[in-house]
Amino acid sequence: MSAESDFKYAYTLFYKAVDAEGSTRQYYLQQAKNVLENVPSNYPGRSALLSQINSMLY
């Protein structure tokens with residue numbers, strides 16, 4: 001997958017997490033974080049999304 005498609009997929013997982021609760025929310029957040037590991041650190045929007053994910057995880 002390309003960085004763009006990985007980023008879009010991570011956002012999809014993030015929005016599923018927003019709509020979910022409890023362990024399901026945690027699962028989607030962790031999956032989104034895992035997908036973002038494949039996206040270069042300087043990719044536009046990556047840092048902001050990762051920050052949002054981390055704030056919801058912990």
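Q: Before we start, what does contact mean here?
A: Contact means that heavy atoms lie within 4.5 Å. Keep in mind that this is a predicted model.

Q: OK. How many helices and strands are in the chain?
A: The chain has three helices and zero strands. Read from the N terminus, its elements run α-α-α.

Q: What does helix H1 pack against?
A: The buried residues of H1 pack against helix H2 (22-36) and helix H3 (46-57).

Q: Which residues of H1 are buried?
A: Asp 6, Phe 7, Ala 10, Leu 13, Phe 14 and Ala 17 are the buried ones in H1. They cover an arc of only 120° around the axis, so they sit on the same side of H1.

Q: And what is exposed on the other side of H1?
A: Lys 8 and Asp 19 are exposed there.

Q: Why would residues three or four places apart point the same way?
A: An α-helix has 3.6 residues a turn, so residues with that spacing point the same way.

Q: What should the 17 residues of H1 span?
A: At 1.5 Å a residue, H1 (residues 3-19) should span 24 Å. Its end C-alpha atoms are 25 Å apart, which agrees.

Q: Let's pick one residue. Is Ala 10 buried or exposed?
A: Ala 10 is buried, and its relative accessible area is 0%. It is found in helix H1.

Q: What does Ala 10 touch?
A: Leaving out residues up to four places away in sequence, Ala 10 touches Ala 32, Val 35, Leu 36 and Leu 49.

Q: Which residues have the most contacts inside the largest nonpolar core?
A: They are Phe 7, Ala 10, Phe 14, Leu 29, Leu 36, Leu 49 and Ile 53, in a core of 14 residues. The elements that give two or more residues to this core are H1, H2 and H3. H1 gives the most, with five residues.

Q: New topic. How many aromatic pairs are in the whole structure?
A: A search finds six aromatic pairs. In one of them, the rings of Tyr 11 and Phe 14 have their centres 6.2 Å apart and their planes at 90°, so that pair is edge-to-face.

Q: Where are Tyr 11 and Phe 14 in helix H1?
A: They are three residues apart, which means about one helical turn separates them. Tyr 11 counts as partly exposed, at 25% relative accessibility, while Phe 14 counts as buried, at 5%.

Q: What kind of pair do the rings of Tyr 11 and Tyr 15 make?
A: Their centres are 5.5 Å apart and their planes are at 25°, so the pair is stacked. The cut-off for stacked is under 30 degrees. Tyr 15 is partly exposed, with a relative accessible area of 48%.

Q: Which residues do ring pairs link into a cluster?
A: The cluster holds Phe 7, Tyr 11, Phe 14, Tyr 15 and Tyr 43.

Q: Last one, the chain overall. What radius of gyration does it have?
A: The chain has 11 Å; a compact globule with 58 residues would have a value near 10 Å, which agrees. Along its principal axes, the C-alpha trace spans about 30 × 20 × 15 Å. Of the 58 residues, 31% count as buried.

Notes: Residues numbered from 1 in each chain as written. Predicted model: local features only at pLDDT ≥ 70, side-chain atom pairs only at ≥ 80, totals over all residues. Heavy atoms only, no water. Helix = DSSP H or I, 4+ residues; strand = E, 2+ residues; numbered from the N terminus. Expected span 1.5 Å × (residues − 1). Buried < 20%, exposed > 50% of the residue type's maximum accessible area, 1.4 Å probe, protein only. Arc of directions from axis to C-beta. Phe/Tyr/Trp six-rings, centres within 6.5 Å; stacked < 30°, edge-to-face > 60°. Core = buried A, V, L, I, M, F, W, Y, C linked by side-chain atoms within 4.5 Å. Rg over C-alpha atoms; globule rule 2.2 N^0.38 Å.
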